[in-house]
Amino acid sequence: MRRGIRGALATALVAGLALAATGCGSGGDGGGAVGGELSGTVTFWDTSNDAEKATYRKLAEGFQKEHPKVHVSYVNVPFGDANAKFKNAAGGGAGAPDVMRTEVAWVADFAHLGYLAPLDGTPALDNTGDYLPQAVGSTRFGGKTYAAPQVIDTLALFYNKKLLQDAGVAVPKNVTELAAAAQKIKDKTGATALYLRGDDPYWFLPYLYGEGGDMVDAAHKKVTIDSAAGVRALRTIKQLVDSKAAVTDATDGQENQLKALKDGTVAMAIDGPWDIEGARAGKAFQDKGNLGVAPVPGGSTAQGSPQGGWDLSVYAGSKNLQAAYAFVKYMSSAKVQQETTDKLSLLPTRKSVYNVPAVKQNEMVAFFKPAVDGAVQRPWIAQGNSLFEPLKVQMNKVLTGAATPEQAAKAVGDAYRKLLKDYT
């Protein structure tokens, strides 16, 4: 999922794609613009989850109403497969989509490899002043824009109101309060306090930020994961699991966490707005009002969660660039973003959508918008996505007792310095 392509082969592929992209506005079955009217096929890879994909398919196919000579070929690609699948297709020069719903951390990586078409000066970037400033950072690399922001998000604490009420505990504001409440929750309800995602280091970041740390300091080209803050964060997750305040899983964490929350076997989980509809489909939330959302519990020094989201990018080798640009414009428009929020409670990237009455009244948007405003920006560097794999390996070692927090933090720092040659 987080594999990259490096070396001479990547260089040759990038050069080839750059040449191909200069003359691929039409051809094959792409069509392009005929007499000023768009035609042909736009293949769209959507990386949304099972609870979202029906909505995204309907929205994507709605583009055909505005451009009846363009056929949208919708393909849902599971998130866990999407990064490697796109790189393999783009690197091989065949099978890549015209447009992809791209996780924010992937844009710089794909652009660095030459797989994305710059969007500056194209119809894809429409009314850019309407975008939230914090949503734009992930779309740019090397002074150019390679994506349009479509959804913005962050992590928060999902909690079962009834379980906390039955246990007589308040929503924890920090990890210390969470650990203290765990035994009461178990004794009164039989549920475990927290599901802790041990399979994906993105879910580790709130613990790291809560100790005042970060993976790297990109501005000063310094590795910071092996600082005291990083050690404390690793120690925190180990203590939560060892004390049985939290249950964890090294595989299938997304599916297992959501099931545990839906079934009421855990009282709390750190999750994002993409799982609101999925959570509410469970028996624990037949009363939708039973799902509470609060800021992630803070650490010893701070509180924070990572800024995430999804962008829309265009493959540099597309045979139908003009239609692809128009499709990105449509999918990132205020109209489509509002529909996305109405149906899925996902957060728009356009400021104007937050002024729509229905969006203002959406309780999840009302919470997550301030959370997004205070979220921590990740380093938008080409290697940003690759920073997670070494951290994942060492998190697992800490949680299973194969390494101490100190050993794990050092190992991650060493791996980062090998990856980022000019970082200290």
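Analyst: A term needed at the outset: contact means heavy atoms within 4.5 Å. The model is a predicted one. In this chain, residues 24 or more positions apart account for 76% of the contacts with a separation of 6 or more.

User: What is the radius of gyration, and what would a compact globule have?

Analyst: The chain has 22 Å, and a compact globule with 424 residues would have a radius of gyration near 22 Å, so the two agree. Taken along the principal axes, the C-alpha atoms fill a box of roughly 70 × 50 × 35 Å.

User: What percentage of the residues count as buried?

Analyst: Of the 424 residues, 56% count as buried.

User: On to helix packing. At what angle do α2 and α13 pack?

Analyst: Helix α2, residues 53-61, and helix α13, residues 321-331, pack at about 125 degrees, and their axes are 10 Å apart. Angles over 145 degrees count as roughly antiparallel and 65 to 115 as roughly perpendicular. The pair α2 and α13 is therefore oblique. Their crossing is right-handed.

User: Which residues make that contact?

Analyst: On the α2 side they are Y56, L59 and A60, and on the α13 side F327, Y330 and M331. By class, the contact of α2 with α13 has six nonpolar residues, no polar ones and no charged ones.

User: Is α13 itself enclosed or open, and how many of its residues are buried?

Analyst: Nine of the 11 residues of α13 are buried, so this helix is largely enclosed by the rest of the structure. The buried residues are L321, A323, A324, Y325, A326, F327, V328, Y330 and M331. F327, Y330 and M331, which are on that list, also make the contact with α2.

User: Which angle does α18 make with α10?

Analyst: Helices α10 and α18 pack at about 130 degrees with their axes 9 Å apart. They are therefore oblique to each other, and their crossing is right-handed. V231, L234 and R235 of α10 make the contact with P405, E406, A408 and A409 of α18. That contact has five nonpolar, no polar and two charged residues. P405 and A408 of α18 take part here, and they also meet α17.

User: What about K244: buried or exposed?

Analyst: K244 counts as exposed, at 65% relative accessibility. K244 is likewise found in the loop between α10 and β12. Its phi is positive, about 70 degrees, although K244 is not a glycine.

User: What is the phi of N127?

Analyst: N127 has a positive phi of about 50 degrees, and N127 is not a glycine. It is found in the loop between α5 (107-112) and α6 (133-136).

User: One last residue. Where is I152, and what does it touch?

Analyst: I152 lies in strand β7, residues 148-153. At 1% relative accessibility, I152 counts as buried. Leaving out residues up to four places away in sequence, I152 touches residues including L132, Q134, A135, L347, Y354 and V372. Q307 is also among the residues that I152 touches; I152 and Q307 are 155 residues apart in sequence and 7.5 Å apart in space, C-alpha to C-alpha.

Technical notes
Residues are numbered from 1 along each chain as its sequence is written. This is a predicted model: local features need pLDDT of at least 70, side-chain atom pairs count only at pLDDT 80 or more; totals for chains, interfaces and linings use all residues. Side-chain values use heavy atoms; hydrogens and water are left out. Axes are lines fitted to C-alpha atoms, for helices over the stretch in contact, and angles run from 0 to 180 degrees between N-to-C directions. Helices (H or I, at least four residues) and strands (E, at least two) are DSSP runs, numbered from the N terminus. Angles under 35 degrees count as roughly parallel, over 145 as roughly antiparallel, 65 to 115 as roughly perpendicular and the rest as oblique. A crossing is left-handed if the near helix is turned anticlockwise from the far one by less than a right angle, and right-handed if clockwise. Ala, Val, Leu, Ile, Met, Phe, Trp, Tyr, Cys and Pro count as nonpolar, Asp, Glu, Lys and Arg as charged, and the others, Gly among them, as polar. Buried means under 20% relative accessible area, exposed over 50%, partly exposed in between (1.4 Å probe, protein chains only). The radius of gyration is taken over C-alpha atoms; the globule rule is 2.2 Å times the number of residues to the power 0.38.
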